[in-house]
Amino acid sequence: MKNLGIIGWPLDGSLSPLLHSRFLSQAGINGGYTAFEIKESMELPILLHFLERFKFSGLNVTSPHKQAILSHVQDVDDSVRLLGAANTVALTKNGWKAYNTDSYGFGRQLDADGIEVAGKNILIFGAGGAARAVVQACRERGAGGVTVVNRTLPRVEQMRAIFPDMTLSYSSFEGLKEAGLFDILINALPADWSNSIWLDRFWAGKEKLFSPAVVIDLQYMPRSTPFLNLFSNAAKKYNGFTMLVEQAAMSFGIWCGVRPEYSVKELELAAYKE
Ligand code: NAP
């Protein structure tokens, strides 16, 4: 029996329950996947204690708890040691152990879509947990540097400490006017890009944003996301669904000891009900 779940806020549009329910069924494992909507990180220890008591095997951890969860686990794997953020915890005989499968997931998305990052001018919006995972996947594929756009500088400085062998240039939204042109744009912000506050930020740098070959939005709802819709002329546009599936499959393997068999295309049809 495998009791699995996800902790985060908000979880309304999360597709993780759908994916993991299918993985359980496909692997012939009796179990379930429950969403625990928690806004305040101070509630994490109460929930973890409860889930341990009821023999949960593992959880996904999403925004805003990816860093806070680390204060409540007994062990971390190398990916978490490097990135300082976790998206997965598993209950072991020694307590909760944290993992990060986001970087693996994003890397698989780059490979699946044939996106070369080495030698490219890459712009990442955001400097949170997901952005760190994106930088690591790009680094593993030969990228020497990226430009990070974030509201504030300190998180980018934290990223520089994590990746001392990469050139991480910082830009404010307004500062994009002075930046070079970019080949690849990646949105790793939990932003509502249909909202005028975010659109004003976007337009501040528009001259430098309109000729990328590739645009990737880590968000995946709706399928054609507001961020992707800003780029009517981009040659290639991808939402974060492939990353979601790949990071989920790796988490499932950690919890259940077997890799699920799946087709991203079939899961996409089920997720978007087409
Ligand atoms: P996170 O760690 O909570 O992201 C924090 C980032 O958002 C920081 O850069 C922060 O900037 C910025 N931010 C937050 N509120 C802001 C505001 N009001 N104005 C300006 N900036 C703000 O989240 P995350 O885990 O990195 O996730 C980012 C996005 O990626 C989410 O939409 C998530 O759903 C998505 N994601 C997708 C997948 C997938 O599998 N497809 C996996 C992981 C994440 P400051 O430093 O200035 O606060």
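This is a predicted model: local features need pLDDT of at least 70, side-chain atom pairs count only at pLDDT 80 or more; totals for chains, interfaces and linings use all residues.
A polar contact is a pair of N or O atoms within 3.5 Å. For Arg151 the distance from a polar side-chain atom is 2.6 Å, and for Arg155 an N or O atom of the side chain lies 2.7 Å from an oxygen atom of the ligand. The ligand on its own exposes 920 Å², of which 81% is buried by the protein.

The site of the ligand is the largest pocket. Two or more residues of the shell come from each of α5 (129-140), α7 (196-204) and α9 (241-256). The largest share belongs to α9, which gives three residues. The ligand has 24 residues around it, and those that come nearest are Ala130, Asn150, Arg151, Thr152 and Arg155. Sorted by class, the shell holds 10 nonpolar, nine polar and five charged residues.

The peptide bond between Trp9 and Pro10 is cis, with omega near -5 degrees; Pro10 belongs to the loop that runs between β1 (2-8) and α1 (16-26). Another cis peptide bond leads from Met221 to Pro222, with omega near -10 degrees. Pro222 is located in the loop between β11 (214-217) and α8 (226-229).

Lys55, although not a glycine, has a positive phi of about 60 degrees. This residue lies in the loop between α2 (44-53) and β3 (58-61). Lys55 counts as exposed because its relative accessible area is 66%, and the cut-off for exposed is over 50%.

Methods
Residues are numbered from 1 along each chain as its sequence is written. Side-chain values use heavy atoms; hydrogens and water are left out. A residue is near a molecule or strand if one of its heavy atoms lies within 4 Å of it. A polar contact is a pair of N or O atoms within 3.5 Å; within protein, one must be able to donate a hydrogen and the other to accept it, and residues adjacent in sequence count only if both atoms are side-chain atoms. Accessible areas come from the Shrake-Rupley method with a 1.4 Å probe; for residues, only the protein chains shown count as cover. On a 1 Å grid over the protein atoms alone, a cavity is a set of points where a 1.4 Å probe fits but cannot get out, and a pocket is an open set with protein on both sides within 12 Å along at least five of seven lines; lining residues have an atom within 4 Å of a point. A molecule sits in a cavity or pocket if more than half of its atoms lie within 2 Å of its grid points. Helices (H or I, at least four residues) and strands (E, at least two) are DSSP runs, numbered from the N terminus. Ala, Val, Leu, Ile, Met, Phe, Trp, Tyr, Cys and Pro count as nonpolar, Asp, Glu, Lys and Arg as charged, and the others, Gly among them, as polar. Buried means under 20% relative accessible area, exposed over 50%, partly exposed in between (1.4 Å probe, protein chains only).
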